[in-house]
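Subject: Structure handover

Hello,

Here is the structure we spoke about. Please open it alongside this note.

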Amino acid sequence: MGFFQLRAHGSLCDVVLLAEGKAFKAHRGLLASASDYFRAMFTSEMKETFSEDIELHGVTSTGLEKVLRFVYSGEIFLSLENINDVLAAASHLQVNAVMEFCNEFLISEVTLENCVDIGQIANAYNMESVDHHVNVYMLQNFNLVSDFNKVPFDRLTFLLSSNTLKGCSELQLFNAAKRWIEGDPENRMQHASALMENIRFPLVNPTDLITYVQTVDFMRTDNACMSLLLEASNYQMVPYMQPILQTPRTRIRSDSTHLITLGGVLRHQLDVSKDLRVYDESSKRWVNLAPMESSRYQHGIAVIGNFLFVVGGQSNYDTKGKTAVDTVFRYDPRYNKWIRVRSLIEKRTFFHLSAIEGKLYAVGGRNAAGELSTVECYNPQHNEWMFVEKMQEPHYGHAGTVYNGQMYISGGITHDSFQKKLLCYNPESDKWEQKSPMSTVRGLHCMTTVKERLYVIGGNHFKGTTDYDDVLECEYYITDTDQWCCVAPMLTGQSDVGVAVYQGKIYVTGGYSWNNRCMVDNVQCYDPEVDKWTKTFSLPAALGGIRACTLTVLPNFATLRNSSGNTGPSPSSSN
């Protein structure tokens, strides 16, 4: 006969537990084996060690009954009606197995109607997994949560500060916070400025700021709130400076960082693309964002403050660079819109563009006048380009990357000769310095940085005197030792590509394969941790002269289910 039957028959019971006047017979040995609380009680010199009747305080009879049933049978019947009683008993008596079942039960029961209450239960009993689940659920359903007025201040602050909060405009978040304050102004007005610090007022339309925010009393009378409105007004007055004025309140409210591709020339028609695409890993589809005003390939791209800059390149297919352009556009993922900024001083294509400390550097390239050695620097603070120290020789088809505040330029073509030089530019001293060369000459390759390694990948070089050959060899450079090291070669050749580092891996997109004599839609991925290349997904079309980066975009754009062949959300470009 097991303990369950023994207790049912009152056999061999040696203690009586009392809660709310109700008595429950039990066995000391079994209680001690299941509960740290009873183990400590029955193995110490406490008076309860030998008492036949033990009064339990802070425990209801319902809760004690459910916990004892579990101890004796391994079964427990939970509901939202008894969960508080069971938790109080299990927590007090330190029956951890019951606490774990309560965790699982509460997580499974969260709904729009009860998430606030379950969150309060989780806080009361320090149930971290339940609390986390409630936070995630409320972030995904913020606008739909009922009884919002009962949300505690700390949880509301967390929700309003989160980048994963979905489906709400900043104005909606402001109104939600305002309603919460107005629900108990006597006790909550003191929290007004702390809550409002989490609203991204610089992202609210100026008309809405004036109409719906500045008219609220505490926004006009609280000094901290007034400062937030002034910050928003100042930010909106200087659109060109916004990339270098990023703060938690000006950043996009999103955690959706993805691989982005832009432009390129199509294999068959030789049409130049203006498409900006994001790769959605969950659906394994390319999604169109707002297209550029003009088509581009052989352009330069760089990111400052999560704004994407597209510089120079060509709008027409032309292998000699005669149709190079000087126009510069900037994409704002917060609104999925483009604007035009100050043009380059010189038209250039087949060049490299880097972002360093909030400035852009356009290096070399070529145009109708020939090869370029000049370097231009764009300062968003003044929305202007200026020349900086040029290279000793002209370069085009080179690649570059940034490490520790300095720009490294590798390979390329000078006077119709492929190079293996590595040059380093220091913006602080405005000087160029030559470093140890690569092991292989190459041009139209790509270069990127992962941790302390500067990788050089792919490209092509002369095969004989009249033909070209893919370069599959890859290598990386270490700045501290001024040395190169070879790594696994590419699976297939790709020149004039896009390259981006995403989640610690290098993605090489599109380009041209000289061995196959065609533009390709390949996306190859290199994992530095295992020194291995794999073929992953493909581009929606074979595109040469395409460019790539990573960018944080709005979640609703990143999860659209229309393929890249369809028209995505595309507001008109603005100049």
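Below is what was found in it, region by region.

This is a predicted model, in which local features need pLDDT of at least 70, side-chain atom pairs count only at pLDDT 80 or more, and totals for chains, interfaces and linings use all residues. Residues are numbered from 1 along each chain as its sequence is written, and side-chain values use heavy atoms, with hydrogens and water left out.

**Cores**

The largest nonpolar core has 77 residues. A nonpolar core here is a set of buried Ala, Val, Leu, Ile, Met, Phe, Trp, Tyr and Cys residues joined through side-chain atoms within 4.5 Å. Buried means under 20% relative accessible area, exposed means over 50%, and partly exposed lies in between (1.4 Å probe, protein chains only). Phe142, Met196, Phe201 and Met219 touch the most other members. Helix α10 (residues 170-182) gives the most to this core, with 7 residues. Helices (H or I, at least four residues) and strands (E, at least two) are DSSP runs, numbered from the N terminus.

Take Met219 as a way in. Leaving out residues up to four places away in sequence, Met219 touches Phe174, Met196, Phe201, Val213, Cys225, Met226 and Leu229. Contact means heavy atoms within 4.5 Å. There is also a second, separate core of 20 residues. Leu276, Ile301, Leu551 and Phe557 are among them.

**An open sheet**

Four strands form an open sheet in the order β7-β6-β4-β37, with antiparallel pairing. Two strands pair if DSSP finds at least two bridges between them. β7 (285-288) and β37 (547-553) stand at the edges. Each has a single partner strand, so one side of each is left without a neighbour in the sheet. From one strand to the next, the twist averages 35 degrees. Axes for such angles are lines fitted to C-alpha atoms, for helices over the stretch in contact, and angles run from 0 to 180 degrees between N-to-C directions.

Inside this sheet, β4 (residues 256-262) and β6 (residues 276-280) pair over 3 bridges. Ile260 has Val278 in β6 as its bridge partner.

**Strand β13 and its partners**

Is strand β13 (residues 359-363) largely enclosed or left open? It is largely enclosed by the rest of the structure, because 4 of its 5 residues are buried. Strand β12 (residues 352-356) pairs with β13 in the antiparallel sense over 5 bridges. Ser354 stands opposite Tyr361 there.

Tyr361 stands opposite Cys377 in β16.

**Two loop residues**

Gln94 is in the loop between α5 (83-93) and α6 (96-109). Its phi is near 60 degrees, a positive value in a residue other than glycine. Gln94 counts as partly exposed, at 35% relative accessibility.

Leu444 is in the loop between β23 (431-435) and β24 (446-450). Leu444 is not a glycine either, yet its phi is positive, at about 55 degrees. At 18% relative accessibility, Leu444 counts as buried.

Best wishes
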